[in-house]
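Q: I would like to go through this model with you. Could we begin with a term we will need, and then turn to the details?

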There are 2 protein chains.
Amino acid sequence: MALGKDYAAQDCSIARALEVVGERWTLLVVRDALYGVRRYNDFLVHLGIPRAVLASRLAALVDAGVLEKRPCPDAPRRHEYVVTERGRALWPTLRALSIWGRENFGDDRPLRYYRHAECGTEIGLAGECPACGRLVPLEDVEVLPGPGLDLDPADPVSRALIGPRRLLQPVRLDAAADPV
Amino acid sequence: MALGKDYAAQDCSIARALEVVGERWTLLVVRDALYGVRRYNDFLVHLGIPRAVLASRLAALVDAGVLEKRPCPDAPRRHEYVVTERGRALWPTLRALSIWGRENFGDDRPLRYYRHAECGTEIGLAGECPACGRLVPLEDVEVLPGPGLDLDPADPVSRALIGPRRLLQPVRLDAAADPV
DNA sequence: GACAGTAAGTTCAATGAATGAACCTGATAC
DNA sequence: GTATCAGGTTCATTCATTGAACTTACTGTC
């Protein structure tokens with residue numbers, strides 16, 4: 001990656017991390033992947049990202065071991081991008097960033113709630129459950145719509161993501177096509 | 001910020017956060033500010049960032065309320081950039097990102113350790129102390145050089161940052177000028 | 001079997017941002 | 001008064017991003 005050159009000189013893990021996920025759009029792609037978005041076209045319509053940039057970001061993330069590209073189980077010629085263990089490990093970062101964004105630049109009404117499915121407690125700053133005291137496996141994180149969330153968004157992926165649902169649960173567009 | 005436009009369409013706190021700190025270099029500037037770097041020239045030599053970009057990033061961060069620009073107490077015509085409460089609130093994000101970078105792209109030897117000064121416990125994923133169970137105030141975070149850290153770096157700011165020291169403790173270059 | 005449509009891209013010209021070097025300005029240092 | 005430093009600005013070049021158009025391979029539908 002040509003961009004990262006200068007970062008590399010830094011004696012710093014943050015700089016190394018930013019070489020991988022520091023480019024425009026990259027963290028939003030990872031966020032979507034953690035939400036369960038897997039297909040090129042789903043990323044495309046949900047993010048509103050230019051096609052060429054998406055292709056380049058996905059390739060870079062696969063290269064870095066954050067996503068895995070593999071053929072779709074049902075349609076062998078299609079493929080999907082699935083978060084690896086390394087990608088899942090970005091959840092604490094994204095959770096912390098999200099809280100910072102909400103507390104400093106959001107309006108009062110939260111967009112979404114994240115809860116530990118087993119005990120109902122809201123997930124903490126780094127993805128841990130304050131009640132259980134441990135990091136919650138992503139599959140056990142329940143995503144619920146908050147009062148600030150638009151419940152009738154234009155694109156089908158946003159509609160499929162309204163929830164309630166779990167993190168990592170693959171997005172299915174089939175049943176989401178009915179308007180009010 | 002012209003860049004952020006597309007992000008803004010997203011119903012998502014992460015996107016809002018990235019509008020503020022998502023540009024190239026920005027998070028590294030904040031990291032340095034949390035380390036105690038305050039002066040334009042110190043950011044410049046430590047980051048190796050182009051002057052124009054630094055000026056623009058600092059202005060944007062002041063604008064967003066992450067940094068505060070104020071006259072130097074000793075030299076009234078100079079000024080310094082100090083992290084605000086909002087800037088300090090980015091510490092959990094940076095801590096999580098740093099751990100991700102180290103665990104996934106670092107070599108085995110850590111560059112730095114972060115410890116709760118009062119009990120000596122290593123700081124957790126989101127800046128909390130696992131022993132005390134609470135977020136550690138940044139002034140109580142002790143930064144120690146790890147085995148992977150270059151102990152004789154070229155620029156004086158890196159030398160002043162070797163530590164041991166505390167987060168937020170202002171960088172002073174005066175005494176750091178003696179080579180081995 | 002022709003036609004339309006979808007998925008996952010690539011290519012291209014135009015725009016915008018990043019880079020590094022040079023310049024500027026006002027204060028201190030000698 | 002000459003040099004140096006802090007904190008910038010300006011400029012030409014390079015590089016990345018953007019949005020639109022094109023491509024290619026497969027999947028239905030009539």
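Predicted model: local features only at pLDDT ≥ 70, side-chain atom pairs only at ≥ 80, totals over all residues.

Q: Then is A:Leu125 buried, partly exposed or exposed?

A: The relative accessible area of A:Leu125 is 25%, so this residue is partly exposed.

Q: And where is A:Leu125 found?

A: A:Leu125 belongs to the loop between strand S3 (112–116) and strand S4 (141–145) of chain A.

Q: Which residues is A:Leu125 in contact with, leaving aside its neighbours within four places in sequence?

A: In chain A these are A:Pro92, A:Arg95, A:Ala96 and A:Ile99, and in chain B they are B:Pro92, B:Ala126 and B:Leu135. As for A:Ile99, 26 residues away along the chain, its C-alpha atom is separated from that of A:Leu125 by 7.1 Å.

Q: Turning to the contact of the two chains, how many residues does it take from each?

A: Chain A gives 49 residues and chain B gives 49 residues. About 4500 Å² is buried between the two chains, and carbon and sulfur atoms give 65% of that area.

Q: Which residue does B:Arg31 form a salt bridge with?

A: The partner of B:Arg31 is B:Asp32, and their closest N and O atoms are 2.8 Å apart. B:Arg31 counts as buried because its relative accessibility is 3%. B:Asp32 has 0% relative accessibility and therefore counts as buried too.

Q: What about B:Arg70 and B:Glu80, how do their side chains meet?

A: They meet in a salt bridge of 3.3 Å, N to O. This pair links distant parts of the chain, ten residues apart: B:Arg70 is in strand S1 (residues 67–71) of chain B, and B:Glu80 is in strand S2 (residues 79–83) of chain B.

Q: Why does B:Arg70 count as partly exposed, and why is B:Glu80 buried?

A: B:Arg70 has 32% relative accessibility, whereas B:Glu80 has a relative accessible area of 4%.

Q: Which parts of chain B does the pair of B:Glu139 and B:Arg88 tie together?

A: The side chains of B:Glu139 and B:Arg88 meet in a salt bridge of 2.9 Å, N to O. B:Glu139 lies in the loop between strand S3 (112–116) and strand S4 (141–145) of chain B and B:Arg88 in helix H6 (residues 85–88) of chain B, so the pair joins parts that are 51 residues apart in sequence. B:Glu139 is partly exposed, at 36% relative accessible area, and B:Arg88 counts as partly exposed at 27%.

Q: Let us move to the helices. At what angle do helix H3 and helix H4 of chain A pack?

A: Helix H3 (residues 26–35) and helix H4 (residues 40–47) of chain A pack at about 120 degrees, and their axes are 11 Å apart. The crossing of H3(A) past H4(A) is right-handed.

Q: Which residues meet there?

A: From H3(A) there are A:Leu28, A:Val29, A:Arg31, A:Asp32 and A:Ala33, which meet A:Phe43, A:His46 and A:Leu47 of H4(A). Five of the residues in this contact are nonpolar, one is polar and two are charged.

Technical notes
Residues numbered from 1 in each chain as written. Chains lettered and ligands numbered in written order. Heavy atoms only, no water. Axes fitted to C-alpha atoms, helices over the stretch in contact; angles between N-to-C directions. Helix = DSSP H or I, 4+ residues; strand = E, 2+ residues; numbered from the N terminus. Left-handed = near helix turned anticlockwise from the far one by under 90°. Contact = heavy atoms within 4.5 Å. Nonpolar A, V, L, I, M, F, W, Y, C, P; charged D, E, K, R; others polar. Salt bridge = Lys/Arg side-chain N within 4 Å of Asp/Glu carboxyl O. Buried < 20%, exposed > 50% of the residue type's maximum accessible area, 1.4 Å probe, protein only. Buried area = accessible area lost by both parts, 1.4 Å probe.
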